[in-house]
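Here are my notes on the model, as numbered points. Please read them with the structure open.

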Amino acid sequence: MVLTALLLAGCASAPAEVATAPAPPTAPMSAEAAKPPVALQYLYGSAEAAIAVRATNARIADYALRRIRERPKDSVVLAPSASMSAPLFEPCGNKPFAAVFDADETLIWNLGPMRYFAEQGSSYDPKIWDQWEQTGAGKAVAMPGTADMLARLRAAGITVIANTNRSAANAKGSEDTLRAAGLGEFKHGETLFLMGDDATGSSKDGRRATIASKYCVILMAGDQLGDFSQQFNVKDLPAAQRMALATSAAANALWDQGWFLFPNPVYGPWEKLGWDDVFPAASNWTPE
Ligand SMILES: [Mg+2]
C-alpha cells in the first residue's frame with residue numbers, strides 16, 4: 001500500500017511535514033493498483049465519509065449558534081502554560097466571536113496532489129506541495145457541508161479564521177484556493193494564519209494565542225490533534241501517552257464541545273504506530 005505521508009497540521013518536525021516515505025511499488029500495475037489506495041477511496045470518494053463529514057459540520061454550526069447565546073467566559077484555546085491535565089483557557093472578555101479551522105482536510109480536500117502522489121506511487125514531496133499551495137485554486141474542493149456551515153457561522157456574526165501550516169510565502173495561493181472552493185474570503189494576517197507568521201514553525205500554539213488575544217474563540221476544528229494543542233505533538237511522545245492525553249477526562253469534555261475533529265485516514269501523525277501500538281498483545285489470535 002502506498003500512501004502519501006504528509007502531516008500538514010502540526011507535525012513537530014517543521015517544515016518538512018513528512019512522517020514516512022513508503023517505497024513506491026516496483027511490481028507492474030496490478031488490477032488493484034488500477035484503483036486508488038483504500039484510504040483515498042474512503043475519504044475522497046465514499047458516501048460513508050461524506051456523511052460523517054457533513055454530520056460533523058452540522059454539529060459545528062449547531063454548537064456555534066448555541067454557544068454564542070450563552071456568551072462563554074473562556075475561549076477553547078488553551079492558555080500558554082496550561083496542560084491537558086490542568087486545562088486553563090484564554091478569557092473571552094468582550095472580544096468578538098471567532099471559529100478557528102485548520103484548512104487541509106478540514107475545510108478543503110486536496111484532490112489534485114492526492115491523486116498525483118498516489119498515481120506516481122510517490123510519497124509526500126514538499127516541493128510539489130509548495131507548487132500546489134501556489135497554483136491549486138479550483139482543484140481543491142470544499143468538504144461536504146462546509147460551505148453551508150461557514151455561511152451559518154458568518155450569518156451569526158462569528159468571524160471564520162483558518163490557522164493552517166500552509167506557507168506564509170504562498171498566502172495568495174491559499175486565499176485563492178479557499179475562495180475558489182466556495183468558502184469565501186480569508187485574508188492573510190486577519191482571517192488566515194500561516195506557517196511562517198511567527199518563529200515557531202509548525203506549532204500552531206503561537207498563532208492560536210494571537211487569535212485568542214483578539215477573539216473569543218468558541219470552537220476549533222481540525223483533522224489532527226496539533227490543530228488543537230501542540231502538546232499532542234511533543235517529539236517522541238509515546239503512542240500510549242498521546243492516546244491517554246487525547247482521551248483524558250479534560251480532553252473528552254472538549255471533543256464535540258468546542259473541539260471538533262474531522263476524519264482523515266490518508267495522512268497523520270498516527271502513521272508512526274507499530275503493530276504493538278495498534279494491537280494489544282492480549283488481543284492476539286491465530287486460526288487453528
Ligand atoms: Mg489538516
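What share of the contacts in the protein chain with a separation of 6 or more comes from residues 24 or more positions apart?

1. Contacts and basis. Residues 24 or more positions apart account for 75% of those contacts, a contact being heavy atoms within 4.5 Å. This is a predicted model, in which local features need pLDDT of at least 70 and side-chain atom pairs count only at pLDDT 80 or more, while totals for chains, interfaces and linings use all residues. Residues are numbered from 1 along each chain as its sequence is written, and side-chain values use heavy atoms, with hydrogens and water left out.

2. Confidence. The average pLDDT (the predictor's confidence in each residue, from 0 to 100) is 90 for the protein chain, and 89% of the residues score at least 70. Residues 1-28 have a pLDDT below 50, although the model gives this stretch 84 contacts beyond near neighbours in sequence.

3. Overall make-up. The protein chain holds 10 helices and nine strands; these are DSSP runs numbered from the N terminus, helices being H or I of at least four residues and strands E of at least two. Of its 288 residues, 47% are buried, meaning under 20% relative accessible area with a 1.4 Å probe, protein chains only.

4. Metal site. D102 (OD), D104 (O) and D223 (OD) are the protein donors of the magnesium ion, at 2.0 to 2.2 Å. Donors are N, O and S atoms within 2.8 Å of the metal (3.2 Å for Na, K and Ca); water is not among the atoms, so sites may look incomplete. The donor spacing in sequence is D-x1-D-x118-D. D102 and D104 are both buried.

5. Cores. A nonpolar core here is a set of buried Ala, Val, Leu, Ile, Met, Phe, Trp, Tyr and Cys residues joined through side-chain atoms within 4.5 Å. The largest has 46 residues, of which F101, L153, F186 and L219 touch the most other members. Helix α2 (residues 47-70) supplies the largest share of this core, six residues. A second, separate core of 23 residues includes V76, I161, M220 and L254. Leaving aside residues up to four places away in sequence, F101 touches I60, L153, I161 and L219, among others.

6. Disulfide. The whole structure contains one disulfide, counted as a pair of cysteine sulfur atoms within 2.5 Å. It joins C92 to C216, with S to S at 2.1 Å. C92 sits in the loop between β2 (89-91) and β3 (97-101) and C216 in strand β8 (residues 216-222), so the link ties together parts 124 residues apart in sequence. Both C92 and C216 are buried.

Key: Buried < 20%, exposed > 50% of the residue type's maximum accessible area, 1.4 Å probe, protein only.
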